[in-house]
Amino acid sequence: MKIEFAPLNVPLQRRLQTAATLQWVFSFLALAQCCLAAFVLLALSDWWMVALLYAGWLWLDWDTPSSGGRRSQWVRSWRVWDYFRDYFPITLVKTVDLDPKKNYIFGFHPHGGNSPVCLPVPVCVYPSVSQVCWCAGSIVDLSVYLSVSQVCTVCSIVDLSVCTCLSLRCAGRGPGLSVCVPVCLSGVLVAGGFGNFCTEATGFSRQFPGLRSHLLMLPFWFRVPLFRDYIMCGGLVSSCKASMSYYLVSRPEGGNVGVIAVGGGAPEALDARPGALKLQVRNRKGFIKLALKHGAQLVPVFSFGENELFDQMQNPTGSPLRTLQNRLQSIMGVALPLFHARGVFQYSFGLMPYRKPIHTVVGKPISVTQTPSPSSEDIECLHHIYLQSLTDLFEQHKLNYGLKEDQHLTFI
């Protein structure tokens, strides 16, 4: 393979843009591990008292990620995010004004080219095992046989192997028998979602005065020492039920925006590539139910260019590679998309995203009447309206951002 190196006379501004994006990639691929290692080393060193004091602070501050977080306007306004924005570049497109006296749920699409990483976790197999859905905290009883298909009450997904918002916990004292089930741990490398809603680089507060954006992230990451404090500064909050229901979309004074990256998890990861317009949203209804329960306005958001940032090796359905990936996913619960893009000093391979423009279009809000106990018909009706609004938003703007007339969204 011929390697195309970057020229030596690249302007300083572009070098700074590359450096800013490199630290962003590092932050969500390796910073958590580094923070955890640093904390452990500190605890084992002569400075163990500092680690002990931080552990005490962590205990006192444990519920903050599910209580609205701890945004820092200073961190959100760092100059580094301007360089990060200009690397692609990223643009936030407003179509209508949003009333700051209301609460909103932004459904962000697509999930992006770098999708969730699911790891197998041992879980006690016993009748007292409970299913915990991280995206809304719903708990239901599981059968002793995990091979029996269950229904996630939030995502309405029948097969546990594709429901990436699940963790499992033992609610009682069972025997030492255990199995491995997939637990979603990641799904954060969404450049448009981060740049628009976790920083002020694209002017969210200026375009939507009175609104506070909060990008939802799985609770696991808020248990990592030091890393949790850093990501909360950008407005990232836990996706648990308390966070969404009690501190964001139900606050009577309004002004809160919960941004949910609505994606298809591990299965969608294997199809994420430039030009991909398939969205696994037909069975994603948890955020619909949440909007109905609390009367939050639903806003479809489509980020044009999000899937153009990474390539993936060709793996059509039925190919040997896809068969192997599906097999590994079924055994380990791990999606293994072989994605790649460019490097820092060369353009041929690496994990740095391509310099492709991202245009994140915020659509018109869907009025939602509060229904404390929504029926299945209520959820289906609103879900249908949401998908139609998302389709209309895409069709209205696709020609402006490099797509062709014959390109359409496909919902699966």
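Helices and strands here are DSSP runs, at least four residues long for a helix and at least two for a strand, numbered from the N terminus. With that in hand, select His-214, which is found in strand S8, residues 212-217. Keep in mind throughout that this is a predicted model.

Is His-214 buried or exposed? His-214 has a relative accessible area of 3%, and the cut-off for buried is under 20%. His-214 therefore counts as buried. Now show the side chain of Asn-256 as well: a polar contact of 3.4 Å joins it to the side chain of His-214. Leaving aside residues up to four places away in sequence, His-214 also touches others, including Gly-68, Arg-71, Gly-235, Val-237 and Leu-248.

**The whole chain**

Zoom out and colour by confidence. The mean pLDDT of the protein chain is 80, and 77% of its residues reach 70 or more. Where pLDDT is low, the predicted coordinates should not be read in detail.

Switch to a cartoon view, and twelve helices and 16 strands are there to be found in the protein chain. Of its 412 residues, 52% are buried. Among contacts between residues at least 6 apart in sequence, 76% join residues at least 24 apart.

**The seven-stranded sheet**

Next, select S1, S15, S12, S2, S10, S8 and S9. In that order they form an open sheet of seven strands with mixed pairing. S1 and S9 (237-238) stand at the edges, each with a single partner strand, so one side of each has no neighbour in the sheet.

Start from the S1 side. Strand S1 (residues 90-94) pairs with S15 in the parallel sense over five bridges, and Leu-92 has Thr-360 as its bridge partner in S15. Strand S15 (residues 358-362) is mostly covered, with four of its five residues buried. On to S12 (residues 297-304), which pairs with S15 in the antiparallel sense over four bridges; here the bridge partner of Val-301 is Val-362 in S15. S2 and S12 run parallel and are joined by six bridges. Phe-106 stands opposite Val-299 in S12.

**Helix H10**

Select residues 286-294, which make up helix H10; seven of these nine residues are buried. Which residues of H10 are buried? They are Gly-286, Phe-287, Ile-288, Leu-290, Ala-291, Leu-292 and His-294. Just after H10 comes Gly-295, with a positive phi of about 70°.

Show side chains for Phe-84, Phe-106 and Phe-227. In the largest nonpolar core, which has 48 residues, these three touch the most other members. Helix H1 (residues 12-43) supplies the largest share of this core, seven residues. Stay on Phe-227: beyond four places in sequence, its contacts include Phe-28, Leu-31, Cys-35, Met-217 and Trp-221. A second, separate core has 33 residues, among them Leu-216, Leu-277, Val-361 and Leu-387.

**Backbone stops**

Most residues other than glycine have a negative phi, and most peptide bonds are trans. First, select Phe-88 and Pro-89, which are joined by a cis peptide bond with omega about 0°. Pro-89 is found in the loop between H4 and S1. Then go to His-109 and Pro-110, where the peptide bond is cis, with omega near -15°; Pro-110 is in the loop between S2 and strand S3 (118-124). Finally, select Leu-226, in the loop between S8 and H7. Leu-226 is not a glycine, yet has a positive phi of about 70°. Its relative accessibility is 38%, so Leu-226 counts as partly exposed.

**Last stop: Cys-233**

Select Cys-233 in helix H7, residues 227-233. The C-alpha atoms of Cys-233 and Gln-73 are separated by 7.7 Å, although the two residues are 160 apart along the chain. Not counting residues up to four places away in sequence, Cys-233 touches Arg-70, Arg-71, Ser-72, Val-75 and Arg-76.

Note on methods: Residues are numbered from 1 along each chain as its sequence is written. Side-chain values use heavy atoms; hydrogens and water are left out. pLDDT is the predictor's confidence in each residue, from 0 to 100. A nonpolar core is a set of buried Ala, Val, Leu, Ile, Met, Phe, Trp, Tyr and Cys residues joined through side-chain atoms within 4.5 Å. Buried means under 20% relative accessible area, exposed over 50%, partly exposed in between (1.4 Å probe, protein chains only). Contact means heavy atoms within 4.5 Å. A polar contact is a pair of N or O atoms within 3.5 Å; within protein, one must be able to donate a hydrogen and the other to accept it, and residues adjacent in sequence count only if both atoms are side-chain atoms. Two strands pair if DSSP finds at least two bridges between them.
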